[in-house]
Amino acid sequence: MNKLLITLIASLLAASALANEVAVAPSVSADSLPPLGETWRSENPYRGNPEAVALGQQAYNQACARCHGADASTNAAPAPDLRQLNRFCRRIGDAELKAACLRDNDAYFAKTVRNGKIIVGVTHMPPWQGVLKQELAWAIQTFVEFRAGAGR
Ligand code: HEC
């Protein structure tokens, strides 16, 4: 078998290993965070909350790290580095524009987490709706932002 074929097969296997992943709920209690109910918010209600950072870190490491990288501190993982998500917002000086940018980013984060990323029938990321409590989803985003240097 030539090298090219081996590389091709290896990358197909790697892709299908990722595609077969299912969403498994982290075993982290969200009881110490203000409860949010069933209806998903479109904005992060916990931004900058230290308790959300701590719980978000645990939930992230259990549920997201295997694809997005341990402790949200590497850009060498197979899935995108989530610290990059709000980097454009962070650079905006105008407070109102920055808040609007973060709102858009929050809505994208929630939508992506709930629906997953299914592209032309291939599951790049499984949907988390019904698996991950929204309290933990926003806590995870709060942690990732803390790692990225925002919200401090
Ligand atoms: C099975 C692997 C896997 C797991 C587990 C996973 N993701 Fe993902 N995620 C991906 C991949 C792959 C992408 C990129 C999809 C694409 O655009 O091709 C992605 C994309 C995203 C995006 C959009 C990033 C962007 O730059 O647009 C967000 C937000 C996200 N994931 C959040 C999460 C969160 C939060 C968790 C944990 C609750 C999680 N993911 C768990 C694989 C995973």
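**View 1. The antiparallel pair of strands S1 and S2.** Strand S1 (residues 117-119) pairs with strand S2 (residues 122-125) in the antiparallel sense, over three bridges. Strands (E, at least two residues) and helices (H or I, at least four) are DSSP runs, numbered from the N terminus, and two strands pair if DSSP finds at least two bridges between them. Ile119 has Val122 in S2 as its bridge partner. The hairpin has two residues between the strands, and Val120 takes a positive phi near 35° there. The model is a predicted one: local features need pLDDT of at least 70, side-chain atom pairs count only at pLDDT 80 or more, and totals for chains, interfaces and linings use all residues. Residues are numbered from 1 along each chain as its sequence is written.

**View 2. The shell around the ligand.** Around the ligand there are 21 residues, of which Glu21, Cys64, Cys67, Ala79 and Met125 come nearest; a residue is near a molecule if its C-beta atom, placed from the backbone, lies within 6 Å of it. Helix H3 (65-68), helix H5 (95-115), S1 and S2 each give two or more residues to this shell. By type, the shell divides into 15 nonpolar, three polar and three charged residues. Here Ala, Val, Leu, Ile, Met, Phe, Trp, Tyr, Cys and Pro count as nonpolar, Asp, Glu, Lys and Arg as charged, and the others, Gly among them, as polar.

View 3. H6 (residues 134-148) has 15 residues and reaches 21 Å from its first C-alpha to its last, close to the expected 21 Å, which is 1.5 Å times one less than the number of residues. Of its 15 residues, 13 are buried, that is, with 20 or more other C-beta atoms within 10 Å of their own. Just after H6, Gly149 takes a positive phi of about 95°. The largest nonpolar core has 27 residues, and Leu136, Ala139 and Ile140 have the most contacts inside it. Such a core is a set of buried Ala, Val, Leu, Ile, Met, Phe, Trp, Tyr and Cys residues joined through C-beta atoms within 7 Å. Helix H2 (50-63), H5 and H6 each supply at least two residues of this core, and the largest share, eight residues, comes from H6.

**View 4. Arg83 in the loop between H3 and H4.** Arg83 is found in the loop between H3 and helix H4 (87-91). Arg83 counts as buried because 20 other C-beta atoms lie within 10 Å. Neighbours within four places in sequence aside, Arg83 is in contact with Ala72, Val144, Arg147 and Ala148; contact requires C-beta atoms, placed from the backbone, within 7 Å.

Notes
Buried ≥ 20, exposed ≤ 12 C-beta atoms within 10 Å, placed from the backbone. Contact = placed C-beta atoms within 7 Å.
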